[in-house]
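Hi,

Here's the structure I promised to pass on.

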Amino acid sequence: MNPFDYERAADAAGAVTIVTDRPEAVFLAGGTNLVDHLKLGVAEPDLVVDINRLELTEVKALDDGGLRIGAMVRNSDAAADPRIRRDYPMLSRALLSGASGQLRNAATMGGNLLQRTRCVYFQDTTTPCNKREPGSGCSAIGGYTRYHAILGASADCVATHPSDMAVALTALDATVVVLGATGERRIPVTELHRLPGDRPDQDTVLEHGELITALELPPPRPGASTYRKIRDRASYAFALVSVAARVDVDTAGPAPVIREAAIALGGVAHKPWRAHAAETVLRGAEPNQETFLAAADAELEAAEPLDGNHFKVQMTRGTISTVLAELTAASATTSESTTEDTHE
Amino acid sequence: MGHSLHLTVDGQEHTLVVDSRTTLLDALRDRLGVMSAKKGCDHGQCGACTVLVDGRRLNSCLALALTHDGAEVTTADGLAPEGELSTLHRAFLAHDAFQCGYCTPGQVCSAAGMLAEAADDAPSVVTDDLEGPVELSEEEIRERMSGNLCRCGAYVNIVAAVSRAAEESR
Ligand SMILES: Cc1cc2nc3c(=O)[nH]c(=O)nc-3n(C[C@H](O)[C@H](O)[C@H](O)COP(=O)(O)OP(=O)(O)OC[C@H]3O[C@@H](n4cnc5c(N)ncnc54)[C@H](O)[C@@H]3O)c2cc1C
Ligand code: SF4
Ligand code: FES
Ligand code: FES
């Protein structure tokens, strides 16, 4: 590990000022990703600003019926929060499907959103990687790509975003609250992460020194929802493919009709992937297998699998249709205003 | 550059000066001579370094020591004060839940943390009813212990030991 200075921030504004003023400074939250990168030499900051004592640890009801979750709320505490369990079960399940009990006790909401890719070449500083060292090349292309992207990748980078939580937040239309040197701004979570293009080194739209202070969830929406994660082991592994979905079925007419659908995919792209094309097919359609597969196909039309991950296209298609079948059945059998959760 | 650090480890108070890069695990082992927490992968992947920090289980290899200035750290040693074995320790012995024992201190700390989490009805990903009470089935124990890997493969007996400890501490 390279030497670095250490400072403990006393408040959010102070943390922002210190990091903004030092180009090579970084925030340290739970450390479960950053400390790993310090050891691997992937991150070489000259100053680490510890934000663990900041009072961003509250989960608070909002006036509009939504929920505000402080950036320093630990993943395990958010997953166990009674309001999140009741009103946003998809988020609770996504958090609980990530990492391990020990890691979730340390990991924070802000850090989870900003964790970096698990691409093995990104983590191995002896190999070329455009995300780590712009212009050096991409070792994954033509290499080991089981965990890599099938949607939205570029010739410069084919890495995927690893967070489970972020996929649920994407389906939930969450907002990220950010404090910068010039004040606060609010970013829809769907616009926080970037596709790689020719700047894969920039994961997000955040400026250096900007601090995530909170996440805001809109009021709970009707329908049935879930988070489904497909992985190589039953536990403690990153997603090959994951699906966060909410479906609301209207059963008032002669035949049931899908009133509303929100779908986000994990493990397939450089960012949590909002499946707008699939949602468009679903809205107003009858809930049946044909509709579900048509929705998946509409989304996957743009898929460009790599040599090592063709299987992911089928896996994503199957997972979307299975999840939709379960959710439409669950939504149709529950009263219209309740949010019901089903899961694996 | 040196920073002053205060830790209470297994009931003993320590003040030491550490380099900013020191992890909690290295502070325990290399600076304080507390050998109960083990270094396996050093990357958060095996759970051998699990300790309780202010009562919650964490991977000490991914924690910077300075972040935990003032904290109360409990290792598997501290769970057995004055040579008295805890329910968990006895259950591990009774069920032969180890071979080489390298992963055991982490397993014991993780089990202690996990039992407390379950007692608080914190759900896991395999809990059917997210809002309901937690029943520590084998499936629940497996999932909750999955952050601790045992290379010797004594998993079955570890689950049995934790299950017994859960029953005894009810
Ligand atoms: C073995 C292992 C398995 C894992 N499995 C999974 C998994 O299956 N699914 C999953 O989703 N995750 C998984 N994780 C990742 C884990 O969830 C993340 O490491 C964790 O969420 C990061 O949070 P943190 O608070 O520890 O962040 P840190 O490591 O402290 O920080 C991560 C990054 O975010 C920045 N940062 C942190 N907080 C803020 C803030 N408030 N504002 C601005 N910048 C900030 C830091 O500067 C750093 O760049 C795994 C990790 C490990 C080690
Ligand atoms: S896929 Fe992206 S992160 Fe992985 S080696 Fe290529 S450029 Fe680096
Ligand atoms: S040594 Fe800490 S998890 Fe392996
Ligand atoms: S008993 Fe040897 S690693 Fe678990």
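Let's start with the second largest cavity, which has a volume of about 70 Å³. By cavity I mean a set of points on a 1 Å grid over the protein atoms alone where a 1.4 Å probe fits but cannot get out, and the volume is the space filled by probe spheres set on those points, which are joined across faces, edges and corners. Its lining (residues with an atom within 4 Å of a point) includes A:Arg116, A:Lys131, A:His193 and A:Asp203. By class that lining has one nonpolar, six polar and three charged residues. Here Ala, Val, Leu, Ile, Met, Phe, Trp, Tyr, Cys and Pro count as nonpolar, Asp, Glu, Lys and Arg as charged, and the others, Gly among them, as polar.

A quick caution: this is a predicted model, where local features need pLDDT of at least 70 and side-chain atom pairs 80 or more, while totals for chains, interfaces and linings use all residues. Side-chain values use heavy atoms, without hydrogens and water, residues are numbered from 1 along each chain as its sequence is written, and chains are lettered from A and ligands numbered from 1 in the order written.

In the whole structure, the search finds three cavities of 30 Å³ or more. The largest holds about 90 Å³ of space, and 17 residues line it, with A:Cys119, A:Cys129, A:Cys138, A:Ala140 and A:Cys157 nearest its centre.

Cheers

How values were computed. 1 Å grid on protein atoms, 1.4 Å probe; cavity = no way out; pocket = protein on both sides within 12 Å on 5 of 7 lines; lining within 4 Å.
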